[in-house]
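I opened the notebook to look up helix packing, the domains and the chain contact. The entries follow the order in which I checked them.

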Amino acid sequence: MPDRIARGVTLAFAATLAAGVVRAGEPYGIGRPATPQEIAGWDIDVSPSGAGLPPGRGDVQQGEAIFTAKCAACHGVHGEGKPMDALVGGIGTISTPKPHKTVGSFWPYATTLFDYVRRAMPLNAPQSLTPDEVYSVSAYVLFLNGIVPQDTTLDADNLAKIKMPNRNGFVSAYPAPEAGAKP
Amino acid sequence: MRRPRGGSPEPPTRVAALSVTPLQDLCGIITPNGLHYERHHAGTPTIDPLEHWLIVHGMVQQPMIFTIEDVRRFPSVSRIHFLECSGNTQNWRAPKPELTVQDTHGLLSCCEWTGVPLATILAEAGVQPEAKWMLAEGADAAAMTRSIPIEKALDDALLAYAQNGERLRPEQGYPLRLLLPGYEGNASVKWLRRLKLGAEPFETREETSKYTMVMPDGETRQFNFVMQAKSVITFPSGGQRLGPPGFYEISGLAWSGLGKVARVEVTTDGGASWRDAALQEPVMSKCLTRFRSPWRWDGGPATLSSRVTDDTGYVQPTREALLKERDVRSYYHYNAIQNWSVAAGGAVVNAG
């Protein structure tokens, strides 16, 4: 290619850039940074490590009162279920022909119980419970399952340490099955 | 979902937790928006799009907040993909003859989704190399959450704001949803408000207590994301009735969460002989494919079934083969061949 044409092409390219062409990989500069205060308002999840557990504490006795008032209508007075999911019982049944899935028999992490009660329960007023109330209800459901003793007080330090009966019952199917593998 | 009245809440019911697509009445591959299946975990929220933000945080260089207007400024794409609930098709037990294809397969729909590749928005926040999972959280009453592998988030995941040319319906996640092509529907979190990057899965209720499969050996499989290849004849199907003997065009749908439909075979004699069905173009990845097969009905009893092979070579299993591997305890991801029985008078019933 003669120099003159090459220079012309280069100049044309530069002119195009100047006219607003976006280069691949360049940030778009859309959106705005989130402040730590903003993040704190949204960041309600709790991980198996206990990360995300809020300050507070609650015991079995307080949990019973809250459960009776706000949970028993759906889950039964003793967490036996109906009309909605059973929360209590069935420990040891998961590997039998008739698994009875409850928080006690099936759920692998106590943190999941805390996280789910905090974000989604009670169904008619989710996210209305205080951290203390969520600790209390969690303690009561775990007590009903015989996983913690009646004098238990739960907080951010001990909740994630609770070993659920089915903790080792799960295997991950991810990464996705290879081509041709059975479902 | 009933609302509490006068401070004395009624117990919730399971009413309206799901609705199913009338596959028997639809042509082609596109599901009209009003007929898309619905599955809610705590109702449909009413969201003012001006008040709805998406926050991206956790293991990122710069936590970011995007308004819906922001999201719509990014370069967009439109893609046609199916969504299927992994609880679709409960044929584990003895088949109920009265079930229609809407009953058996109606937690399945297919739309053109428009939005921003999730990778584009994640790049704006800068994903840290240690981030392996992404928590997606909805703004529904359940604040529903799922953990998504980072590989999927950076591959073909979409932040969708439109469906078949119009903005999302409220029931489909207005104003913003995650769309994970080929994954079980629950993972495509609706009313999306938060994405948090982390090193480990978050072990939410929907990936431990639900959407997990108890296997015959007692182990429970979690993170069963991919919807394996599956097909179903939509005409003739359960509850329909053929007229006089003679020509009928068998028609149905095939799909795979791993790629494209490569082949669909049809049998009208209960599996004694199979023939290739015609595939309606375009055949697209992780998308419904319409298939058709001409049939001259002699007026006698017949059993109709379809069998799909996807472009990975995976062949849809028979019910017997699937039941050998796992059973009703696994509940989710039933993808076996569906059989319809045609009686001498022309009545069609579910044969499992």
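Which hand does the crossing of H5(A) and H6(A) have? I found it to be right-handed. I note that I am working from a predicted model.

Entry, H5(A) and H6(A). I looked up the two helices and found H5 at residues 110-120 and H6 at residues 131-144 of chain A. Their axes come within 10 Å and cross at roughly 130°. I therefore put H5(A) and H6(A) down as oblique to each other, since an angle counts as roughly antiparallel when over 145 and as roughly perpendicular from 65 to 115. On the H5(A) side I listed Ala110(A), Leu113(A), Phe114(A), Val117(A) and Arg118(A). On the H6(A) side I listed Val134(A), Val137(A), Ser138(A), Val141(A) and Leu142(A). Sorted by class, this contact of H5(A) with H6(A) holds eight nonpolar residues, one polar and one charged.

Entry, H3(A) and H6(A). I then took helix H3 (residues 60-70) of chain A, which packs with H6(A) at about 95°, the axes being 7 Å apart. That angle makes H3(A) roughly perpendicular to H6(A). From H3(A) I noted Val60(A), Gln62(A), Gly63(A), Glu64(A), Ile66(A) and Phe67(A). They meet Glu133(A), Ser136(A), Val137(A), Ala139(A), Tyr140(A) and Phe143(A) in H6(A). I sorted the residues of this contact into seven nonpolar, three polar and two charged. Val137(A) is listed in the contact with H5(A) and again in the contact with H3(A).

Entry, chain A against chain B. I looked up the contact and found 44 residues from chain A and 52 residues from chain B. On the chain A side, the elements giving two or more residues include strand S1 (32-33), helix H2 (36-42) and helix H4 (72-75). Which element gives the most to that side? I found that H5(A) does, with five residues. The chain A side has 30 nonpolar, eight polar and six charged residues.

I looked up Ser172(A) and found Gln222(B) as its bridge partner in S14(B).

Entry, domains of chain B. I have domain 1 at 18-221 and domain 2 at 230-350. Their centres, taken over C-alpha atoms, are 27 Å apart. I found 31 residues of domain 1 in contact with 31 residues of domain 2. Strand S5 (77-84), helix H2 (101-105) and strand S13 (213-214) of chain B each supply at least two residues of the domain 1 side. That side divides into 17 nonpolar, 12 polar and two charged residues.

Conventions
Residues are numbered from 1 along each chain as its sequence is written. Chains are lettered from A and ligands numbered from 1 in the order in which they are written. This is a predicted model: local features need pLDDT of at least 70, side-chain atom pairs count only at pLDDT 80 or more; totals for chains, interfaces and linings use all residues. Axes are lines fitted to C-alpha atoms, for helices over the stretch in contact, and angles run from 0 to 180 degrees between N-to-C directions. Helices (H or I, at least four residues) and strands (E, at least two) are DSSP runs, numbered from the N terminus. Angles under 35 degrees count as roughly parallel, over 145 as roughly antiparallel, 65 to 115 as roughly perpendicular and the rest as oblique. A crossing is left-handed if the near helix is turned anticlockwise from the far one by less than a right angle, and right-handed if clockwise. Two residues are in contact if their C-beta atoms, placed from the backbone, lie within 7 Å. Ala, Val, Leu, Ile, Met, Phe, Trp, Tyr, Cys and Pro count as nonpolar, Asp, Glu, Lys and Arg as charged, and the others, Gly among them, as polar. Domain bounds come from an automatic or database domain assignment. Two strands pair if DSSP finds at least two bridges between them.
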